[in-house]
Amino acid sequence: MTLKTTDYDYDLPEELIAQSPTKDRLNCRLLCLNAKDGHYQDKMFSAIKEEFEAGDVLVLNNTRVLPARLYGEKEETGGHVEVLLLNNVEGDLWETLVKPGRRLKAGTKLSFGDGRLKAEIKETLDYGGGRLLEFYYDGIFLEILESLGEMPLPPYIKNKLTDPDRYQTVYAKVNGSAAAPTAGLHFTEDYLKSLQEKGVKIAYLTLHVGLGTFRPVNEEDLSDHQMHSEFYRLDPENAEMISQAQANGHHVIACGTTCIRTLETIGQKFDGQVKADSGWTDIFIYPGFKFTVVDHFITNFHLPKSTLVMLVAAFAGRDHVLNAYRHAVEEKYQFFSFGDAMFVRGPQYIEK
């Protein structure tokens, strides 16, 4: 049976797209969905602690968003350019998205911040606007980027972000993302401590969010879509924490689709076992995928026809997910990066 992209569409009024973060990270709604039977409940995120049991492990992505959007000019003509950093290939060589793509050829030299940062386009990549750039500067690159770059908010957010930290999780640590792992934006440091006091273990991994977040599914047949590779790392200490939870019959609860993709990449590699690992993943999770690691997960509401809606549907079933989304629209939940959250309980979940 052919899986069609249009099967994962839904109607979303524009006014339900959250434009600003809530004043209090915990002050958002939570829709709890049972993958087994499609039953859902309306809660507040502050009650998510009820979904955890002592011994469960919550897996968080500690990537930190770079101020990765740069505005500059072509040195030769002074023409305006926009650059979004995606992946640090090596040294000062970066994979990027550029605008206007058609006019920026290999060999073009760019300047940012009155020459404080310069770059040359080394190569045209095989997707729209993709370029390999080499940067030139005096000093420390990340410090220059912090002073010149802007936080790369998704295109559906029109409001200016007054506090850049609100597009970072409170546990963001490892520089490298072009977008935030937004399911984690709801947690505060105090709430994470309260989970630990309940006996919940907290494990960290790193997946740097790249082009896959921005790239739409243009193919009608899902099997024709190619995901973009993103770098991940899970160290031995955190891998052991997750593995021990599994061995002791506790739940692995992933915070966000980036954690799901990392854990299931590792699970595929090691026959369902969680081991320390790092590398690049282009895993595309859509209905028919067999999950081997994740028992439950936290996520936000995702764009229609996106790979992320397909991932949630692979776990909980297309009809269950779209029914829950229709309910969320009717109840005027807030959608996407700064919006409300979902807790998706795995098929093995037993109603308490």
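Me: In β7, which residue is the bridge partner of leucine 85?
Reply: The bridge partner of leucine 85 in β7 is threonine 96. This is a predicted model, in which local features need pLDDT of at least 70 and side-chain atom pairs count only at pLDDT 80 or more, while totals for chains, interfaces and linings use all residues. Residues are numbered from 1 along each chain as its sequence is written, and side-chain values use heavy atoms, with hydrogens and water left out.

Me: How many bridges pair β6 and β7?
Reply: Seven, and β6 pairs with strand β7 (residues 93-99) in the antiparallel sense. Strands here are DSSP runs of E with at least two residues, helices are runs of H or I with at least four, and both are numbered from the N terminus. Two strands pair if DSSP finds at least two bridges between them.

Me: What is in the turn of that hairpin?
Reply: Two residues lie between β6 and β7, and glycine 91 in the turn has a positive phi of about 55°.

Me: And β5, how does that pair with β6?
Reply: Strand β5 (residues 69-74) pairs with strand β6 (residues 80-90) over five bridges, in the antiparallel sense. Leucine 70 stands opposite valine 83 in β6, and glycine 72 has valine 81 as its bridge partner in β6. The β5 and β6 hairpin has five residues between the strands, and glycine 78 there takes a positive phi near 80°.

Me: What joins β5 to β8?
Reply: Three bridges, with the two strands running antiparallel. Glycine 72 comes up again: its bridge partner in β8 is phenylalanine 112.

Me: Where is proline 100?
Reply: Proline 100 is in the loop between β7 and β8 (109-112). A cis peptide bond joins lysine 99 to proline 100, with omega about -10°.

Me: New topic. How is the protein divided into domains?
Reply: Domain 1 covers 5-65 + 164-345, and domain 2 covers 69-150. The bounds come from an automatic or database domain assignment. The C-alpha centres of domain 1 and domain 2 lie 31 Å apart.

Me: How many residues of each are in contact?
Reply: 10 residues of domain 1 are in contact with nine of domain 2, where contact means heavy atoms within 4.5 Å. About 740 Å² is buried between domain 1 and domain 2, and carbon and sulfur atoms give 61% of that. Buried area is the accessible area (1.4 Å probe) that two parts lose on being put together, summed over both.

Me: What is the salt bridge count between the domains?
Reply: The count between domain 1 and domain 2 is one; a salt bridge is a side-chain nitrogen of Lys or Arg within 4 Å of a carboxyl oxygen of Asp or Glu. The side chains of glutamate 146 and arginine 64 meet in a salt bridge at 3.2 Å, N to O.

Me: How many in the structure, and what does the pair of arginine 64 and glutamate 146 tie together?
Reply: The structure holds 12 salt bridges. Arginine 64 lies in strand β4 (residues 63-65) and glutamate 146 in helix α1 (residues 141-148), so the pair ties together parts that are 82 residues apart in sequence.

Me: Last one: what is phi of lysine 332?
Reply: Phi of lysine 332 is near 60°, a positive value in a residue other than glycine. Lysine 332 sits in the loop between α6 (318-330) and β17 (341-345).
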